[in-house]
Amino acid sequence: MNREFKISQSVQNFKLPRYDDLPEVELYLDQTTAYISERLEILGNVKLTSSMISNYVKHKLIRRPVKKRYAADQIAELFFIAVAKNVMQLSDLKAAIELQRQTYPTKVAYDYFVAELENVLPYVFGLKSELDEVGNEHTEYQRMLHNIIMAVSYKAYIDKYYADLRQEN
């Protein structure tokens, strides 16, 4: 099987839950880590650990858990952090989240993030020839988020390409 075909097929069924599909019951730290990591596993080097989450709370990227449980807003922000941390510094991540909070409710921003990621990833991996138009507005926030997702998608492609090459040798 040709390498590029194999790599493109690895993301063919990639889908993330929309905000309304996130767990209704708040999750403990280990449950949150497992829930997010399982859904992002297809991206390769996108990892999230309990200590990372604790560090994000400590640096105020996300709010503290209530009674050691994480709610939908925190889980949504952690999905973004887990994806974007591969191409952004911690200080820039914090600024991006603060900008999002000033611009859109978490539900709106998260659903846009998911739609854009599900739009860009198949494009970068060669499963479609052009990008769809996502969202009605063309704000600075949306352009920046699009560029972050493009960078993450290209990095995921490169990581998968070289992982396959190493496996072959």
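Trainee: What makes Lys67 count as exposed?

Mentor: Its relative accessibility is 67%, and exposed means over 50%, buried under 20%, partly exposed in between (1.4 Å probe, protein chains only). So Lys67 counts as exposed. Lys67 sits in the loop between H3 and E2; helices (H or I, at least four residues) and strands (E, at least two) are DSSP runs, numbered from the N terminus. Bear in mind that this is a predicted model, where local features need pLDDT of at least 70, side-chain atom pairs count only at pLDDT 80 or more, and totals for chains, interfaces and linings use all residues. Residues are numbered from 1 along each chain as its sequence is written, and side-chain values use heavy atoms, with hydrogens and water left out.

Trainee: And what is the phi of Lys67?

Mentor: Near 55 degrees, which is positive in a residue other than glycine. Most residues other than glycine have a negative phi. Lys68, also in the loop between H3 and E2, has a positive phi too, near 65 degrees. At 65% relative accessibility, Lys68 counts as exposed.

Trainee: Why is H4 called largely enclosed by the rest of the structure?

Mentor: Because 12 of its 13 residues are buried. Among them are Ile75, Leu78, Phe79, Phe80 and Ile81.

Trainee: Which residues of H2 are buried, and what puts them on the same side?

Mentor: Thr32, Thr33, Tyr35, Ile36 and Leu40 are buried. They cover an arc of only 165 degrees around the axis, so they lie on the same side of H2; the arc is that of the directions from the helix axis to the C-beta atoms. The face turned away from that buried side carries the exposed Asp30 and Glu38.

Trainee: What is the crossing of H4 and H6 called, left-handed or right-handed?

Mentor: Left-handed. That term applies if the near helix is turned anticlockwise from the far one by less than a right angle, and right-handed if clockwise. The axes of H4 and H6 (residues 106–124) come within 10 Å and cross at roughly 35 degrees; axes are lines fitted to C-alpha atoms, for helices over the stretch in contact (heavy atoms within 4.5 Å), and angles run from 0 to 180 degrees between N-to-C directions.
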